[in-house]
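This report describes the fold, the core and the surface of one protein model. The sequence and the structure are shown first.

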Amino acid sequence: MSSGKESSDAVVQEIKVAVPRLRASLANLLKAAGETLSYQLSLENGGPAAQVPVESFDKSLEEFYGLCDQVATLFTVAYDCHAVSDISSHFSAMPIRAPDSESVASRSYSDFIVATNKQVANLEQLLGVLESFSSELSGASS
């Protein structure tokens, strides 16, 4: 359970590193777009065709889209890590022991029954999920 949390934290750190790069890439893209517009305007006004900034714009646009895809992937991975962590904590087993002399005072029989019923309900839910996956797999292989 902690490894899911740790991997989720690592992905969040990667996102924190990628966002400033994305911001800088957007600034470069806007600068290249401004240069391209300025170049096109000077051509329309009969100015000299010295530098062609279109390649710079295309490169900046490609870099920006690449970083957008990377950040979107990182967000998806972070969401999946969180979902897996949430599911694993939902179905994690809570140890149930026979009451000994110390726990008798700290845990009543009704608490023990509630914990047992909760585990049984979680196991029934998990069994339903496994049965649905099994039926989907058997239906897909036919």
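The sections below treat the basis of the model, the overall fold, the core, selected residue pairs, and the surface and cysteines.

## Basis of the model

The model is predicted, so local features need pLDDT of at least 70 and side-chain atom pairs count only at pLDDT 80 or more, while totals for chains, interfaces and linings use all residues. Residues are numbered from 1 along each chain as its sequence is written, and side-chain values use heavy atoms, with hydrogens and water left out.

## Overall fold

The protein contains four helices and zero strands; helices (H or I, at least four residues) and strands (E, at least two) are DSSP runs, numbered from the N terminus. Along the sequence the pattern reads α-α-α-α.

Of the 142 residues, 16% count as buried. Buried denotes under 20% relative accessible area, exposed over 50%, and partly exposed the range in between, with a 1.4 Å probe and protein chains only. Among contacts with a separation of 6 or more, 70% are between residues 24 or more positions apart, a contact being heavy atoms within 4.5 Å.

## The nonpolar core

The largest nonpolar core has 10 residues: Val11, Ile15, Ala18, Leu22, Leu29, Phe64, Leu67, Val71, Leu74 and Ala78. Helix 1 and helix 2 each supply at least two residues of this core. A nonpolar core is a set of buried Ala, Val, Leu, Ile, Met, Phe, Trp, Tyr and Cys residues joined through side-chain atoms within 4.5 Å. In soluble globular proteins, nonpolar side chains tend to be buried together.

Phe64 belongs to helix 2 and counts as buried because its relative accessibility is 15%. Leaving aside neighbours within four places in sequence, Phe64 is in contact with Leu22, Ser25, Leu26 and Leu29.

Leu30 lies in helix 1, residues 2–44, and Ser60 in helix 2, residues 54–90. These two residues are 30 positions apart along the chain, and their C-alpha atoms are separated by 8.7 Å. Leu30 is exposed because its relative accessibility is 57%, whereas Ser60 is buried at 9%. Not counting residues up to four places away in sequence, Ser60 touches Ser25, Asn28, Leu29 and Ala32.

Phe64 and Asn28 are 36 residues apart in sequence, with a C-alpha to C-alpha distance of 8.8 Å. Glu35 and Phe57 are 22 residues apart in sequence and 8.3 Å apart between C-alpha atoms. Glu35 is located in helix 1 and is partly exposed, with 36% relative accessibility.

## Surface and cysteines

The accessible surface of the protein comes to about 10,600 Å², of which 61% belongs to carbon and sulfur atoms; accessible areas come from the Shrake-Rupley method with a 1.4 Å probe, and for residues only the protein chains shown count as cover. Val129, Leu130 and Phe133 make a nonpolar surface patch of about 270 Å². Patches consist of residues with over 30% relative accessible area and no salt bridge, like charges being joined within 9 Å and nonpolar side chains (Val, Leu, Ile, Met, Phe, Trp, Tyr) within 5 Å. A salt bridge is a side-chain nitrogen of Lys or Arg within 4 Å of a carboxyl oxygen of Asp or Glu. Phe133 lies in helix 4, residues 109–141, and is partly exposed at 47% relative accessibility.

The disulfide count is zero, a disulfide being a pair of cysteine sulfur atoms within 2.5 Å. Cys68 is partly exposed at 26% relative accessible area, and Cys81 is buried at 16%.
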